[in-house]
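Here is a short walk through one structure. Keep the view open as you read.

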Amino acid sequence: MKIPLNRQAKQPIYLQIRDRINHLIQTGHLAPNTQLPSIRTLAQTTQVNKLTVLEAYSRLEADGLVRVKQGAGFFINAPQPPATAVPTATFNPAQKVILPTQGINAFPDIYAASLHSHARPGYIDFGLGFPQPTGLEDFQRLARRAMKESHTFFHPGDPQGDVELRKQISLILIQQGLEVSPESLIVTSGSMQALSLLAHHFVAPGDCVIIEAPTYHGFLSILQQRGAKIVGIPMTPQGMNLALLEQYLQSHCPKLIYTISTLHNPTGITTSVEHRKKLLALAQRHHCLVIEDNAYEPLSFEITPPPIKAFDAADSVIYVGTFSKTLMPGLRVGYMAITGAQREALIEQKLLHDFHSSAASQAIVKEYLASGHYRRRLSHLRGLHRTHRDYMVQALVKYFPPSVTWTVPNGGTFLWIQLPDSVSLQALCHLAAEKKVLVGSGAAFFPTRAGYPALRLNFSLPPEATDRGIQILGNILKAQLSCPVSGQDNCASLWASL
Ligand SMILES: Cc1ncc(COP(=O)(O)O)c(C=O)c1O
């Protein structure tokens, strides 16, 4: 197979390979069931790295154009009938800045509740923060292989993390458009540790910090515990409201901005290149540091813009990533990319905190990355999640009242549902739990729970569970909306009939 490549072009090589094969499929030059050249053969004939070919094939697999047969290779799929269009997002919240006077440290309770919900079989849990467990056999095989280096676990480990692992992470980041050297990476015990180390290093009690509202409640709690003054800038469908950001940069001189630029938790929104560049320019003009948390980027169905850090020539952005959402949270492997003068100080912080992240966990992640299984797994997860997201959106259209709006994320695991103001979130969560449906109350994602009523729903559940759970939630919502919150006692018979 001839794949002409332009090595001077801005488009990465793996995308050029993907596009060329896509073109050959669309024009009928590659018929259904044709086998693609092996990864090694194509890497040799095109003179590229095997991982580049694997990435191209994985993208084709995620797009449903090819399938993998275990041990045999990649094959062209028969053309699919056009998919039913997924309804577009309807999310459009009021733009209200949240300035809490005192913090509510909600995350520890929420975490304790999630531990409890795992022990409740038969429940449909839309509140889960992680994808469904898959690929356990692969994991066990790769973990066994990784343990071949277990004799090294007796040696003192590098506080920055295993150098080979950092090289692998830097390769992944280059494919995302972010060029950072392995020397700029610090492997952490989950990205939560990176966020915690950063907050302790950069934020003193009383410092002002800008966050998106809503945002990841784990970091919100870290900031609250640190005694930071939090300013919650509302999310628009395009990302953080930049006009309000500018206004509060001027009036509050914040120390840092925390942003989740891709597949934002909890809304699922991914910002554009223009939004990223504007946010960075504003931050730099006001000498404000940016923490860019990119926990969900690898689960994007589509190519995402380069991270904000990719446009940062002044060391103003610290990039944070994790393997919790793509491999498994229990490994506790995350990382940060930090350039500039503060890097050494953060390595020292990491050393004093826990010496280094688990050598065993790092070895397993390294094995996933080096063997190419990580890319294969991502492409499998993306395909699965896209189908499951579509199921959830279809169920929402079918069962939810029309006054409810939602986002339709292009990846990740969550949908964000905005509810009418008259809905009682507490009653909704309570009634749903009685029907064995657990939901993530949106309140926890706002500073001092001061936002609008909302839910974060994990769409990675099996379709039957999604359909049943959304129907139950829809019935409760319809009943609540037909019965004002203040008059709930008068609705006892209605609740009983649900
Ligand atoms: C946006 C975001 N950042 C960081 C984390 C922390 O993840 P971990 O510490 O498991 O890497 C999470 C977990 O849910 C998250 O959603």
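**Strands, cores and a ligand**

Tyr 258 has Ile 291 as its bridge partner in strand 9. This is a predicted model, in which local features need pLDDT of at least 70 and side-chain atom pairs count only at pLDDT 80 or more, while totals for chains, interfaces and linings use all residues. Residues are numbered from 1 along each chain as its sequence is written.

Tyr 258 and Ile 291 link two strands. Strand 8 (residues 256–259) and strand 9 (residues 289–293) run parallel and share four bridges. Strands here are DSSP runs of E, at least two residues long, and helices are runs of H or I, at least four long, each numbered from the N terminus. Two strands count as paired if DSSP finds at least two bridges between them.

A second open sheet has four strands, in the order 12-13-16-15, and its pairing is antiparallel. Here strand 12 (405–406) and strand 15 (440–441) are the edges, each with a single partner strand, so one side of each has no neighbour in the sheet. Two bridges join strand 12 to strand 13 (residues 414–418). Trp 406 has its bridge partner, Ile 417, in strand 13.

Next, the cores. A nonpolar core is a set of buried Ala, Val, Leu, Ile, Met, Phe, Trp, Tyr and Cys residues joined through C-beta atoms within 7 Å. Buried means that 20 or more other C-beta atoms lie within 10 Å of the residue's own, with C-beta atoms placed from the backbone. The largest core has 80 residues; Val 290 and Leu 256 are among those touching the most other members. This core draws at least three residues from each of domain 2 (107–128 + 379–497) and domain 3 (136–373). The domain bounds come from an automatic or database assignment. Apart from this core lies another, of 32 residues, including Trp 406 and Trp 416.

Last, the ligand. Which residues come nearest to it? Of the 14 around it, they are Gly 190, Ser 191, Met 192, Thr 322 and Ser 324. A residue counts as near if its C-beta atom, placed from the backbone, lies within 6 Å. Helix 7 (residues 190–202) gives the largest share of this shell, three residues.

Technical notes
Buried ≥ 20, exposed ≤ 12 C-beta atoms within 10 Å, placed from the backbone.
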